[in-house]
Amino acid sequence: MILRYIIYGLIGMNMEIFWTGLSGIRYNSRNLIGHTSVWMFFVYGLAVIVLEPVHNLISDQNWFFRGCVYTMLIFGIEFSTGYILRIFGIEAWNYTTPLSFQGLIRLDYAPAWFIVGLIFEQLHNFLIKYNIGSFK
């Protein structure tokens, strides 16, 4: 379980660096420099605790339902962890768009989180299939 936590944390951070780097396209930047916070490692690692058990429960449902569930769970993780970090004076992210809620989640990110959730499923299936991070 610890190994999968590390894998989710590192993959999540890398996805975020890639995503923020792509935002340079909007500003005609050819550098495409991405960034993240080290705190995000711990946030993305939570997939092992929150998303894995849910995936095991809903894996027989259709892909659209599963994607919607993951989107809501990711919004919940993003909001709650952002709120907790903020209590300690840490602003690992602070959204300022009109579709943000308390600067902690962006509703316009729902399609991205939908896709990330379905990608997570494939990663989880791969890790389980090859017994990566399990005690079996």
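1. In this note a residue is called buried when its relative accessible area is under 20%, exposed when it is over 50%, and partly exposed in between (1.4 Å probe, protein chains only). By that rule Leu127 is buried, with a relative accessible area of 2%. The model is a predicted one: local features need pLDDT of at least 70, side-chain atom pairs count only at pLDDT 80 or more, and totals for chains, interfaces and linings use all residues. Residues are numbered from 1 along each chain as its sequence is written, and side-chain values use heavy atoms, with hydrogens and water left out.

2. Leu127 belongs to helix α5, where helices (H or I, at least four residues) and strands (E, at least two) are DSSP runs numbered from the N terminus. Contact, here and below, means heavy atoms within 4.5 Å. Setting aside residues up to four places away in sequence, Leu127 touches Arg4, Ile7, Tyr8 and Ile132. Leu127 and Arg4 are 123 residues apart along the chain, yet their C-alpha atoms are separated by 7.7 Å.

3. Glu52 is a residue of helix α3. Is Glu52 buried or exposed? Its relative accessible area is 5%, so Glu52 is buried. Not counting residues up to four places away in sequence, Glu52 touches Arg4, Tyr8, Ala47, Phe120 and His124.

4. The buried residues of α3 are Ala47, Val48, Leu51, Glu52, Val54, His55 and Ile58. They pack against α1, α2, α4 and α5. As background to such a list, an α-helix has 3.6 residues a turn, so residues three or four places apart point the same way.

5. The next two points concern helix packing. Two packed helices are described by the angle between their axes and the distance between the axes. Axes are lines fitted to C-alpha atoms, for helices over the stretch in contact, and angles run from 0 to 180 degrees between N-to-C directions. Helix α3 (residues 47–58) and helix α5 (residues 110–129) have axes that come within 11 Å and cross at roughly 90°. That makes α3 roughly perpendicular to α5; angles under 35 degrees count as roughly parallel, over 145 as roughly antiparallel, 65 to 115 as roughly perpendicular and the rest as oblique. On the α3 side the contact is made by Ala47, Leu51, Glu52, His55 and Asn56, and on the α5 side by Phe120, Glu121, His124 and Asn125. By class, this contact of α3 with α5 has three nonpolar, four polar and two charged residues; Ala, Val, Leu, Ile, Met, Phe, Trp, Tyr, Cys and Pro count as nonpolar, Asp, Glu, Lys and Arg as charged, and the others, Gly among them, as polar.

6. How do α4 and α5 pack, and at what angle? Their axes lie 8 Å apart, at an angle of about 110°. That makes α4 roughly perpendicular to α5. From α4 the contact takes in Trp63, Phe64, Arg66, Gly67, Cys68, Tyr70, Thr71, Ile74, Phe75 and Glu78; from α5 it takes in Ala110, Trp113, Phe114, Val116, Gly117, Leu118 and Glu121. Its classes are eleven nonpolar, three polar and three charged residues.

7. The largest pocket has a volume of about 1000 Å³. On a 1 Å grid over the protein atoms alone, a pocket is an open set of points with protein on both sides within 12 Å along at least five of seven lines, whereas a cavity is a set where a 1.4 Å probe fits but cannot get out; lining residues have an atom within 4 Å of a point. Grid points are joined across faces, edges and corners, and a volume is the space filled by probe spheres set on the points. The largest pocket is lined by 41 residues, with Glu16, Trp19, Tyr44, Tyr109 and Trp113 nearest its centre. Two or more lining residues come from each of α1 (2–22), α2 (39–45), α3, α4 (63–87) and α5, and α1 gives the most, with ten. The lining has 27 nonpolar, ten polar and four charged residues.

8. The structure holds one cavity of 30 Å³ or more. About 30 Å³ of space lies in the largest cavity, which is lined by Gly82, Leu85, Arg86, Ile90, Glu91, Ala92, Trp93 and Leu104.

9. Asn28 has a positive phi of about 55° although it is not a glycine, and at 71% relative accessibility Asn28 counts as exposed. Leu32, likewise not a glycine, has a positive phi of about 50°; with a relative accessible area of 38%, Leu32 is partly exposed.
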